[in-house]
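Here is a short tour of the structure shown below, written for a reader who likes to see the cut-offs. Please keep the viewer open as you go.

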Amino acid sequence: MSLQTRTETVSAAEVRYELEADSGLSDEAKQALAGAAAAGGVLEKRTTYRETSPIAIEKGAGWVLAFLDNFRQLLNAGITTQEMRIVAYVLDKMEYGNLVCLSQTATAKDFNCSQQAISKHFKSLEKRGFFVKSGGHLFVNSTIFAKGLATRMDEERRQHLAAAQDTRGGRFKTTLKVKKVKT
């Protein structure tokens with residue numbers, strides 16, 4: 001959703017309804033509008049509105065952005081079926097900004113396997129480029145998947161998304177341009 005502004009030039013008489021309506025105009029503004037209408041004046045009318053999408057994601061539905069060329073590269077790197085299950089699990093659990101806050105022990109319990117097996121899969125996925133370690137944190141590589149829209153994140157999460165980018169020396173294409181948003 002974004003804010004849109006529409007500006008149009010109209011005769012003051014056309015906006016007389018604003019005088020009677022509960023338009024949010026101050027008494028001063030209503031008096032100025034009435035004076036312009038009486039004098040046959042012309043006004044610049046500026047309307048700001050929020051554009052909404054006709055489609056929305058259901059609350060609670062798990063989702064990520066997938067960059068297909070890079071996802072294919074990950075698949076072509078020899079990822080196993082069990083590792084693909086772990087990828088889906090991690091994508092569902094990761095935070096906005098691609099930060100992964102999972103314990104391997106809890107993950108092993110959910111997969112009904114040993115922590116050592118999960119550790120082996122995590123290392124394999126890191127080697128193939130799915131995981132990125134940066135600043136003492138574990139991220140999902142944001143050149144492959146991204147959770148959240150940078151324009152709607154706070155600065156810390158945007159920094160996480162930027163830290164999670166790793167093209168692996170050109171094996172993955174650059175997919176995101178994360179810019180600092182002025183607050």
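This is a predicted model: local features need pLDDT of at least 70, side-chain atom pairs count only at pLDDT 80 or more; totals for chains, interfaces and linings use all residues.

## Starting at Gln-115

Residues are numbered from 1 along each chain as its sequence is written, and side-chain values use heavy atoms, with hydrogens and water left out.

Beyond its neighbours within four places in sequence, Gln-115 is in contact with Gln-104, Thr-105 and Ala-108, contact meaning heavy atoms within 4.5 Å. Ser-103 is 12 residues from Gln-115 in sequence, and their C-alpha atoms are 9.3 Å apart.

## The overall fold

Stepping back, the protein chain has 7 helices and 6 strands, arranged along the sequence as β-α-α-β-β-α-α-α-α-β-β-β-α. Of its 183 residues, 30% count as buried. Take the contacts between residues at least 6 apart in sequence: 68% of them join residues at least 24 apart.

The accessible surface of the protein chain is about 12,000 Å², and 50% of that belongs to carbon and sulfur atoms. These areas come from the Shrake-Rupley method with a 1.4 Å probe; for residues, only the protein chains shown count as cover.

## Two nonpolar cores

A nonpolar core is a set of buried Ala, Val, Leu, Ile, Met, Phe, Trp, Tyr and Cys residues joined through side-chain atoms within 4.5 Å. The largest one holds 22 residues, of which Val-90, Phe-130, Phe-131, Val-140 and Phe-145 touch the most other members. Two or more residues each come from helix H3 (68-76), helix H4 (81-93), helix H5 (104-111), helix H6 (115-128) and strand S5 (137-140). H4 gives the most, with 5 residues. A second, separate core of 5 residues includes Phe-67, Ala-146, Leu-161 and Leu-176.

Phe-131 is worth a click: leaving aside neighbours within four places in sequence, its contacts include Val-90, Val-100, Phe-122, Leu-138 and Arg-168.

## One face of H3

Which residues of H3 are buried? They are Asn-70, Phe-71 and Leu-74. Seen down the axis of H3, these buried residues fall within an arc of 105 degrees, so they line one face of the helix; the arc is that of the directions from the helix axis to the C-beta atoms. Their cover includes H4, H6 and strand S6 (145-146). Just after H3, Gly-78 takes a positive phi of about 95 degrees.

## Aromatic rings

The whole structure contains 6 aromatic pairs. Rings of Phe, Tyr and Trp (its six-membered ring) pair if their centres lie within 6.5 Å; planes under 30 degrees apart count as stacked, over 60 as edge-to-face and the rest as tilted. The ring centres of Tyr-89 and Phe-111 are 5.2 Å apart and the planes are at 75 degrees, so this pair is edge-to-face. Tyr-89 lies in helix H4 and Phe-111 in helix H5, so the pair ties together parts that are 22 residues apart in sequence.

Elsewhere, Phe-71, Phe-122, Phe-130, Phe-131 and Phe-145 form one aromatic cluster.

How values were computed
Helices (H or I, at least four residues) and strands (E, at least two) are DSSP runs, numbered from the N terminus. Buried means under 20% relative accessible area, exposed over 50%, partly exposed in between (1.4 Å probe, protein chains only).
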